[in-house]
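Take a moment with the fold before reading on. The walk below goes from the whole chain to single residues.

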Amino acid sequence: MAYELNGATIETNANGYLENLDDWNEDLAKVIAAAEGIELSDKAWEIINYLRDEYFNNNSNQPNERHMVKHFKGIWTDLPKMDTKALYVHFPMGPAKQAGKIAGLPETRRKGGY
């Protein structure tokens with residue numbers, strides 16, 4: 001599988017994760033999101049940027065859903081309840097894995113959110 005962006009072919013593994021993390025940019029994120037059937041809202045971008053920040057600035061950390069909920073609980077105060085369902089609204093196939101793919105991060109081998 002590969003993505004096409006501005007006439008360039010961006011190589012991925014069999015599951016659609018980037019082979020070269022340096023290939024990522026916001027335009028490519030939009031292409032990957034479209035392939036995943038995801039419309040990137042402002043909150044979706046917050047999740048993507050959080051995952052990228054954790055990976056690149058925190059020793060390649062890839063937070064699971066529980067840690068993502070803890071992080072956004074103090075930020076998304078406009079929601080009546082901040083739980084994993086609030087994350088799945090933006091990434092229905094799994095906020096850690098699907099958002100990580102769109103964020104251009106390596107495929108995580110973690111099973112679930114906890």
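Predicted model: local features only at pLDDT ≥ 70, side-chain atom pairs only at ≥ 80, totals over all residues.

Residues are numbered from 1 along each chain as its sequence is written, and side-chain values use heavy atoms, with hydrogens and water left out.

The chain has 5 helices and 2 strands. These are DSSP runs numbered from the N terminus: H or I of at least four residues for helices, E of at least two for strands. In sequence order the pattern reads β-β-α-α-α-α-α. The radius of gyration, taken over C-alpha atoms, is 14 Å, close to the 13 Å that the globule rule gives for 114 residues, so the chain is as compact as a globular protein of that length. That rule is 2.2 Å times the number of residues to the power 0.38. The C-alpha trace spans about 45 × 30 × 25 Å along its principal axes.

Of the 114 residues, 45% count as buried. Buried means under 20% relative accessible area, exposed over 50%, and partly exposed in between (1.4 Å probe, protein chains only).

Now look at helix α1, residues 26–36. Its buried residues are L28, A29, I32 and A33. They cover an arc of only 140 degrees around the axis, which puts them on the same side of α1. The arc is that of the directions from the helix axis to the C-beta atoms. This set packs against β1 (2–5), β2 (8–11), α2 (42–57) and α5 (95–102). At the start of α1, a side-chain oxygen of N25 comes within 2.9 Å of the backbone nitrogen of D27. After the helix comes G37, with a positive phi near 75 degrees.

K101 sits in helix α5. Is K101 buried or exposed? K101 counts as buried, because its relative accessibility is 11%. Its side chain reaches the backbone oxygen of N15 at 2.8 Å. Leaving aside residues up to four places away in sequence, K101 touches Y3, N15, G16, Y17, I32 and E36; contact means heavy atoms within 4.5 Å.

Two loop residues remain. Most residues other than glycine have a negative phi. N6, in the loop between β1 and β2, has a positive phi near 50 degrees. N6 is exposed, at 72% relative accessible area. S60 lies in the loop between α2 and α3 (65–73), and its phi is positive too, near 60 degrees. S60 is partly exposed, at 42%.

Methods: Polar contact = N/O pair within 3.5 Å; in protein donor to acceptor, adjacent residues only side chain to side chain.
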